Amino acid sequence: MHKELFSLVQWDFLPSRFASIGIGLALLIRGIIIVRKKGFNNTFNQLVHFTRNDRPFILLIILLVIRLISSVIGENISTNYNLLLFYSSAIILYLVASYIQKKEGSSDFFKKVLWIYMGLGVIATIFAFVQMYLKIEYDLKIGAIWPVENNLPRLGSTFWDVNHFGGFLITVIPLYFIYTFIASKWKYRFLNIIALGMTSSMLFFTQSRSSWLGISIAMVVGLLLLVKRGLYKPLLLFIGGCLILGGIFITYLDFKDLTVSQKIKDFMHYRLDSTDTHLMLVQGAVQIFYDKPIIGSGSGNFNSAFRKTDISEKYFEREPNLKNQEVPPHSIWGEVLAESGYLGFMTYLILMVFLCLSLVYIIFKTTDRKEKLLGVGFFISLVAILITGIFYSFNLEFFWILFILATLFIKNAIKVDWSFRNIFGWFAASDKAPLIAILPLALVFILVNIGGVTLLEWDEAIYAKVAKNIVQSGDWLNLRWDRTNDYWFEKPPLYMWLSAATFTLTGINEFSARIWSAILGISTVVLVYFFGKKLYNKFTGLIAAIILLNTAHFLYYARNSLLDVPVTFFILATVAAFYWGTTVKNRSYLFYILAGVTLGLGVMTKAIVGLIPLPIIILYLISTKVFLKEKLNLKGILITFFISLLVFMPWHVYSYIAHGNDFIETYLFKHIFDRGTEGLGHVRPLWWYFEVLMVSYRIWLAPLIGGLIILPFVDRSRKSNLLVFTASIFIFIFFSIPKDKLSWYLVPIYPFIALLSARFIDQLVIYFRSIVKESYLPSLFNMKLIVAGLFIFLTPFYISRIRDKVYFEDVNRDIVELIKIHNQIYPINEYPELDLYYARIPHTVALFYSDHMPIAVSTEKILNMLDDAKPDRFYTFLMSQTRFYQVRGELKNEVSIPVDLRVRGSSGNSVLVRSMSEVDLLKEGLIETANSIGALYAQEKLMGLTEFEVQKLNSLEIDYQNIVNKLNEYGYHPEALIKIQ
């Protein structure tokens, strides 16, 4: 691995950096000459005039200032200095390129630099092919090559790291792809096709999975933009190329008699767990941010800060070689977040979003076909490297060269003032803009690490176990939990059906158990936006969605495999669909049918709770008749109700026919009626949910109270307000009246009070704009744009502050690890009768993860089991270390037969223990005695035995025979391990 081949003096001092120093010195000399001629003030004023409207440059300077401030608290001064020097050189290079382009007054400079950049991609690829040839034919390694035994090497060309080469390739591949359509002559198009084929195949040989992921997602988004603009040829070329390559691949596999999975597994042979280690570094970056959220740990200080995080210990278990080396951030975003905090991260994010939106603006606004296509090419390149940068750091020269090329292209192509107001204003005017802003936030904060934490006890583990039993039994109609022959009637089956379907596709794991709650949670956030837009306006919908996403309990339970967020989605969807039906004149019945379907699905999710929309709709219609003199919409109610019956009645009727009164008594009376009247262990006072709202809704209580008090008097959207008020009040009363209360029961109220809160904020902005002189404030649209931007900007910071109420600790990790060890040591097909006994461990968790039946036992019970055990009977126990030593200490006094306990695994404070039966101990004694006899016989042949040793040998032979006789007595007939003569 001759990665240092192209380095000068030291490994990271590359020719490109040497060139940067040369450019810097030349600029310094040139600057001194200019200052001497024009004076410092004139020179400075000209520089300010040149850069004052350059938004990317301003953001780069802000980020540099933040990094300079953060570097003060950094511990590694030399690394700080090197990174700041590199970042400063990138800013200077950007400034020089912008100046040259403006001075020339044309796009010639941009085209020359772009062609050089694309040409370097071909040269680096050719060099990589030479690398492969020399390695395969002559076993000669040059440049960054990663030899892999019995397989093709990973190729890095002239880069220091193979993954950096992959990152570089995904920035040039989209440009070759686009130039096959915009090149002026066919011979140039043909050359671009050749370059596209070479670089694409070379990307395959880098085995850089992060690069594959980045280019795949970016290509899909870029091609969708092309289709949106009516450009279908690139899409057809892409699909045709994929079909050809896929056909070649399948033909090759068929010739080799291999399956796709076999070939992928064979090719992805190296470090299949590297993705996990990179994700650990991202988690470490987040933990560093939690510790120092504002300004970060200091530029270049990731290594020392990471070693202080909780995740570092687990990371070094996987990467022991790095324990005494510097740990890199391995993530663009993680590096910025950890080292420059929230201020640096958001500045960087705004910069990259501004560039991407500027490219999209050009794609949609320009009439020049070449500019449109090249805009798509740069968009794909930039998005690809930013996605790949989640898992790998590309804070390198080629990344900033691509950044500079993209900005030069935008400056050439954009036909308006390139400002935040124009770009973000154009984007905000689109109906899809709020959704594009909300969706990434919801995806990140709801989906992050949902499969990385073991299931919680009780409901979450119960529902997952029911789904697991469906998969294993194949019975989708009769739910079972604890024992497969006992029916479970607590809840309807919809969520368990969804989880079971996912289990069959992705395996039985935490991610599959939680994904549907997460999907419906994300869908609820999106639906709140669209419903708020329908009820009021786009701004209200956006703010309501952000408030909902920032609500601690909603975000927490969206990440749990419980039923409350799914039923919340169906409740909201039913109310929204019915309301939509009341606002359209034609085909309103379609919305009522949709409302009936979602109402039925809500009942199939959480029984009577799913029926909540029905009284809300009825009360709302009565209110509109009383206050707004509208007619009662009986037609809509009847359609909705009867469609819902078609959805939820079949399973309920089947369950009653199949199980009779057992189903009715448990499902209806015990878990609905008794829960409301008696409270099944969760009795709370009538006002308890006020406390829940204070804990979960937190800062949003202020606009909620304002909305409840003020909106009825000042807001003209009376019909919309009636619906939201009715829903909020009814849900609160519905859950407050029953004695049985749990915090997650109240989740369905959050979308409706989020709409109320958002509407109050909307009216507050309008009122504030009306009382202040127009010359002092921007337009109402721009004010709402600023407020919405602040809400989006502050969301990550706010969620990081309430993270302890959202992202729960993995409290059952140690227990689950030991249960999995037990499953491996004692496979269920080999030990079908073996039970797993546990002490003071959540039964629901043990039941889900264990392949064997878990049974709870006390210390006294364990001792009695061991005392009553047959000679060959052994048990397995899962317990704390304290209990293990306690039981082991009492064995001699409480157990009359020979027995011992042996640890088979330990994690944290828990241990997996196997009891050694009398037969087990006799077998061990037999082997030990035979070995001792054998050693004495060998010594006798070599040098003879002393009198003491002869006596010892005789005693051992007697012991050996006694053990054999004892084993024979118990039905075991061991062969003699040695022949005694």
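Colleague: Why are helix 6 and helix 8 called roughly parallel?

Modeller: In this predicted model, helix 6 (residues 162-182) and helix 8 (residues 209-228) pack at an angle of about 20°. Angles under 35 degrees count as roughly parallel, so helix 6 is roughly parallel to helix 8. Their axes are 9 Å apart, and the crossing is right-handed.

Colleague: Which residues make the contact of helix 6 and helix 8?

Modeller: On helix 6 they are Asn-163, Gly-166, Gly-167, Ile-170, Pro-174 and Phe-177. Helix 8 brings Ser-210, Ser-211, Ile-215, Met-219 and Leu-223.

Colleague: How do the residues of that contact divide into nonpolar, polar and charged?

Modeller: Six are nonpolar, five are polar and none is charged. Gly counts as polar here, so Gly-166 and Gly-167 of helix 6 fall in the polar group.

Colleague: What makes Phe-531 stand out in the largest nonpolar core?

Modeller: That core has 137 residues, and Phe-531 and Tyr-750 touch the most other members. Beyond its neighbours within four places in sequence, Phe-531 is in contact with Leu-572, Val-575, Ala-576, Tyr-579, Trp-580, Leu-723 and Leu-755.

Colleague: Which helix gives the largest share of this core?

Modeller: Helix 24 (residues 564-583) does, with twelve residues. There is also a second, separate core of 100 residues, with Leu-59, Leu-169, Leu-359 and Phe-427 among them.

Colleague: How much of the chain is buried?

Modeller: Of the 981 residues in the chain, 50% are buried; for each of these the relative accessible area is therefore under 20%. The chain has 39 helices and seven strands.

Definitions and conventions. Residues numbered from 1 in each chain as written. Predicted model: local features only at pLDDT ≥ 70, side-chain atom pairs only at ≥ 80, totals over all residues. Heavy atoms only, no water. Axes fitted to C-alpha atoms, helices over the stretch in contact; angles between N-to-C directions. Helix = DSSP H or I, 4+ residues; strand = E, 2+ residues; numbered from the N terminus. Parallel < 35°, antiparallel > 145°, perpendicular 65-115°, else oblique. Left-handed = near helix turned anticlockwise from the far one by under 90°. Contact = heavy atoms within 4.5 Å. Core = buried A, V, L, I, M, F, W, Y, C linked by side-chain atoms within 4.5 Å. Buried < 20%, exposed > 50% of the residue type's maximum accessible area, 1.4 Å probe, protein only.
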